[in-house]
There are 2 protein chains.
Amino acid sequence: MVADTMAVNALSVEDVLKHWQGHRRLTRRVIEAFPEDKLFTFSVGGMRPFGEMANEFIGMAVPIVDGVASGRWEEYAGTKAATKAELLAVWDRQTREIDERFPAIPVHRFAEVDKAFGQWEMTGIGTIQYAIDNEIHHRGQGYVYLRALGIEPPHFWER
Amino acid sequence: MVADTMAVNALSVEDVLKHWQGHRRLTRRVIEAFPEDKLFTFSVGGMRPFGEMANEFIGMAVPIVDGVASGRWEEYAGTKAATKAELLAVWDRQTREIDERFPAIPVHRFAEVDKAFGQWEMTGIGTIQYAIDNEIHHRGQGYVYLRALGIEPPHFWER
């Protein structure tokens with residue numbers, strides 16, 4: 001059994017944290033790339049402006065780390081950032097909080113199924129993966145907004 | 001050491017395959033959602049049409065599975081799909097090929113650093129993760145194209 005579990009190990013907790021923080025650094029650069037007056041106003045196809053998407057990422061990130069860690073699912077309590085500077089300040093605070101709290105998640109909680117925010121039934125790692133994927137997905141949309149504004153987005157592969 | 005390795009196990013090989021195929025099912029639905037005459041022509045901000053992005057995913061998927069498995073990195077040899085039907089046919093063939101070949105990747109290759117296609121130095125799992133992230137990223141751009149065309153994209157959370 002031990003050999004089996006080891007044999008199929010593909011990604012460690014440390015890898016997941018590194019991978020997420022790499023993506024978060026890229027998202028930060030995308031936020032920075034938006035002109036202040038477009039971040040919360042510009043969009044394509046009737047979608048949300050990128051600043052609103054970034055607030056969504058913030059509403060998920062640390063609350064998910066805390067929920068997976070503790071089993072208590074609390075909505076993000078901060079006020080929504082309304083400027084680029086506010087967004088980046090909260091972003092950087094969450095970067096530190098994730099680095100501090102992620103390694104303290106009890107190991108069994110990654111595989112345990114829980115109802116995230118009382119709604120989404122997934123394993124701990126599934127919920128974290130969802131947050132990362134959701135960030136990649138919407139950030140890709142931010143790339144289109146930047147291109148539509150004539151701005152070169154940061155390289156996707158730089159993390 | 002054994003206990004340590006187990007303790008930090010977050011995602012198994014089986015999980016990674018399931019996760020990827022779930023995303024691939026969603027990407028298939030995005031391809032399907034495009035009108036035939038827009039799939040290879042429509043774009044926003046001077047970016048590539050979604051059909052070209054889908055051809056990129058195809059060029060990466062099975063060649064990466066094969067490269068991680070064998071250490072031989074061969075560019076995708078098929079001709080580029082030029083219609084929706086061609087794209088979906090190759091997509092479905094690759095779905096079967098990935099299901100067959102992924103579980104046969106030698107376990108040590110996931111953690112081993114290799115130079116994918118002679119160019120990108122990453123672990124096996126890192127290269128696979130890159131392919132998945134790249135697909136999520138560009139598919140998110142496809143969502144903007146669909147919205148700009150007045151078409152409701154499939155739900156992101158349905159896999």
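Q: Where in H4(B) is the kink centred?
A: In this predicted model, the kink in H4(B) is centred on B:Pro63 and amounts to about 30°.

Q: How many residues of H4(B) are buried?
A: A handy general idea comes before the count. An α-helix has 3.6 residues a turn, so residues three or four places apart point the same way. In H4(B), 15 of the 21 residues are buried, so the helix is largely enclosed by the rest of the structure.

Q: Which two values describe a pair of aromatic rings?
A: The distance of the centres and the angle of the planes. Over all chains, the structure holds 16 aromatic pairs. One of them joins A:Phe42 and A:Tyr145 edge-to-face, with 6.0 Å centre to centre and 80° between the planes.

Q: Which parts of chain A does that pair tie together?
A: A:Phe42 lies in the loop between helices H3 and H4 and A:Tyr145 in helix H7, so the pair links parts 103 residues apart in sequence. A:Phe42 is partly exposed at 21% relative accessible area, while A:Tyr145 is buried at 0%.

Q: Which residue lies over the face of A:Trp91?
A: That is A:Arg24, at 4.5 Å from the ring centre. A:Trp91 also belongs to a cluster linked by ring pairs, with A:Phe34, A:Phe50 and A:Phe57.

Conventions
Residues numbered from 1 in each chain as written. Chains lettered and ligands numbered in written order. Predicted model: local features only at pLDDT ≥ 70, side-chain atom pairs only at ≥ 80, totals over all residues. Heavy atoms only, no water. Bend = angle between axes of the 7 residues up to and from the residue. Helix = DSSP H or I, 4+ residues; strand = E, 2+ residues; numbered from the N terminus. Buried < 20%, exposed > 50% of the residue type's maximum accessible area, 1.4 Å probe, protein only. Phe/Tyr/Trp six-rings, centres within 6.5 Å; stacked < 30°, edge-to-face > 60°. Lys NZ or Arg CZ within 6 Å of the ring centre and 35° of its normal.
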